[in-house]
Amino acid sequence: VFWRGGAPAPAAENSRCTAAMARSWNVELARATEARVCYYMSMGSSREFMWRKAHAAVIAVEKEIRRLPSGRIVNMPRLKE
């Protein structure tokens, strides 16, 4: 992040901006599953229904889906076929 004069912003300013820019994984996953539904629907594939279930599961999560620094993903729903 740059501010007046083209110099990098102070560290505190950077951390606030990156936190504000970071989106929820819930929103990203919902968009991704919607895109998959559209893709498989256009192909006429039955996989469309699997992605519809995934989309519904992601939308139903009330907590924030997030990834820990260790790589572990928390609050991610598991799909049962």
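Predicted model: local features only at pLDDT ≥ 70, side-chain atom pairs only at ≥ 80, totals over all residues.
Local features need pLDDT of at least 70 and side-chain atom pairs count only at pLDDT 80 or more, while totals for chains, interfaces and linings use all residues. Residues are numbered from 1 along each chain as its sequence is written, and side-chain values use heavy atoms, without hydrogens and water.

The chain holds 3 helices and 2 strands. Here helices (H or I, at least four residues) and strands (E, at least two) are DSSP runs, numbered from the N terminus. Their order from the N terminus is α-α-α-β-β. Of the 81 residues, 19% are buried (under 20% relative accessible area; exposed is over 50%, partly exposed in between; 1.4 Å probe, protein chains only).

Helix 2 covers residues 25-43. The end C-alpha atoms are 27 Å apart, which agrees. The buried residues of helix 2 are N26, A30, T33, V37 and Y40. Seen down the helix axis, they fall within an arc of 100°, so they line one face. The arc is taken from the directions from the axis to the C-beta atoms. These buried residues pack against helix 3 (47-60). Just after helix 2, G44 takes a positive phi of about 75°.

M76 lies in the segment after strand 2 (73-74). At 37% relative accessibility, M76 counts as partly exposed.

Technical notes: Expected span 1.5 Å × (residues − 1). Contact = heavy atoms within 4.5 Å.
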